[in-house]
Amino acid sequence: MNITSTRGAATIEEVAALAGVSRSTVSRVVNGSTAVSPAALEAVNDAIAQLNYVPNRAARSLARRQTHAVAFVIPEDTDRFFGDPFFASIVAGVHERFAASDYVLNLIIASNDPRDKATSYLRSGSVDGVIVASHHTGDTFVDRIAADLPVVYGGRPAGLSSAPAYLVDVDNVGGGAAAARYLAERGHRRVATITGPATMVPATDRLSGFREAAAETGLEIVAVEDGDFSEAGAAAAMRRILDGGDVPEALFVASDLMARGALEVLREAGLSVPGDVAIIGFDDSPVATAVTPALTTIRQPSRAQGVAMADALLGLLAGRPVPPATILPTELVVRDSA
């Protein structure tokens, strides 16, 4: 006997409750993801059949076809978005693909969406799919979007109730490890690092790779400071390192923008780079060649990541098979700072 909702159309929450899974798992099944166990897939499909559940996305399609609009959501404040060259590069890659398609690309800057404006808009049927980049642990609103729409994540997201169905990331762990190995090969032994915030997986992954390779190569990490992926934050972090009185021989900074802030503080302190302190950054953004000395850095393919995210979402919208995870390589670029 079929079970029907007592409040009209069944909801995704009711399907999840009946199946004994999370709403994100139901969303993955509805969106055709392969990242679901056979048992969960069977339970969700049984619940959908019993409740006669019609996904919002399918209902919108039946009512008025597709919107031919997609959203690129950046959970950051405007200062960070416009101040970090990483975002310009990744947006350029996403735009490149959608400009050649029939879809209109909407850019939404939503710092945790405290009043649910972005969430309400995206779930209202205004777009057919979403790309999310620069995800923080506290950005729980993204979970609610993923329940109703196909979502592709740029980077491994933090704090979701379940694993993302689709993501495009770069090898942040490998990049951090490459930085440590390079510094060890150059003869450095006492090193420090300025990281991004612990609420972001790219920051913790870069630190993890750096720590692991440092242990393997005999590097001593004398200081670890959070620079918040900002120039001002890194400058403050560099001052804390110097105030500790243990000046490192070399410094790994988890973004080129932060490296610029650290460089300025070292210059103010009368320390030369790379003579007194060698520096290696991360990104290979335009900042890397705009500073003096030019930065040795870990190149991440930001534009290519944007292209790959757009291709993944276009594939989902067209009903084509899409790999659950794509990891792009990073690369050491040697210049003058280390």
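Tutor: We take the terms one at a time and set each value against its cut-off.

Student: How do you know how far to trust the coordinates?

Tutor: This is a predicted model, so its confidence comes as pLDDT, on a scale from 0 to 100. The chain averages 85, and 87% of the residues score at least 70. Over residues 1–7 the pLDDT is below 50, although this stretch has eleven contacts in the model beyond near neighbours in sequence. Residues 58–64 also have a pLDDT below 50, and there too eleven contacts reach beyond near neighbours in sequence.

Student: What is the chain made of?

Tutor: It has 14 helices and twelve strands. Of its 338 residues, 53% count as buried. The chain exposes about 14300 Å², and carbon and sulfur atoms supply 52% of that area.

Student: Why is Ala-250 called buried?

Tutor: The cut-off for buried is under 20% relative accessible area. Ala-250 has a value of 0%, so it is buried.

Student: Where is Ala-250, and which residues is it in contact with?

Tutor: Ala-250 is in strand E8, which covers residues 250–253. Apart from neighbours within four places in sequence, its contacts are Leu-183, His-188, Arg-190, Val-191, Ala-192, Val-277 and Ala-278. A contact requires heavy atoms within 4.5 Å. As for Val-273, it lies 23 residues from Ala-250 in sequence, and the C-alpha to C-alpha distance is 9.2 Å.

Student: What makes a set of residues a nonpolar core?

Tutor: The residues must be buried, belong to a list of nonpolar types, and be joined through side-chain atoms within 4.5 Å. The largest such core here has 29 residues, and those with the most contacts inside it are Ile-194, Met-238, Leu-251 and Ile-279.

Student: Which elements supply this core?

Tutor: At least two residues each come from strand E6 (190–195), helix H11 (231–243), E8, helix H12 (256–268) and helix H13 (287–290). H12 gives the most, with seven residues.

Student: Which residues is Leu-251 in contact with?

Tutor: Beyond its neighbours within four places in sequence, Leu-251 is in contact with residues including Ile-194, Met-238, Ala-262 and Ile-279.

Student: What other core is there?

Tutor: A second, separate core has 27 residues, among them Ile-90, Val-94, Tyr-103 and Ala-165.

Student: How many of the contacts join residues 24 or more positions apart?

Tutor: Among contacts in the chain with a separation of 6 or more, such pairs account for 75%.

How values were computed
Residues numbered from 1 in each chain as written. Predicted model: local features only at pLDDT ≥ 70, side-chain atom pairs only at ≥ 80, totals over all residues. Heavy atoms only, no water. pLDDT = per-residue confidence, 0-100. Helix = DSSP H or I, 4+ residues; strand = E, 2+ residues; numbered from the N terminus. Buried < 20%, exposed > 50% of the residue type's maximum accessible area, 1.4 Å probe, protein only. Areas by Shrake-Rupley, 256 points an atom, 1.4 Å probe, with all protein chains shown as cover.
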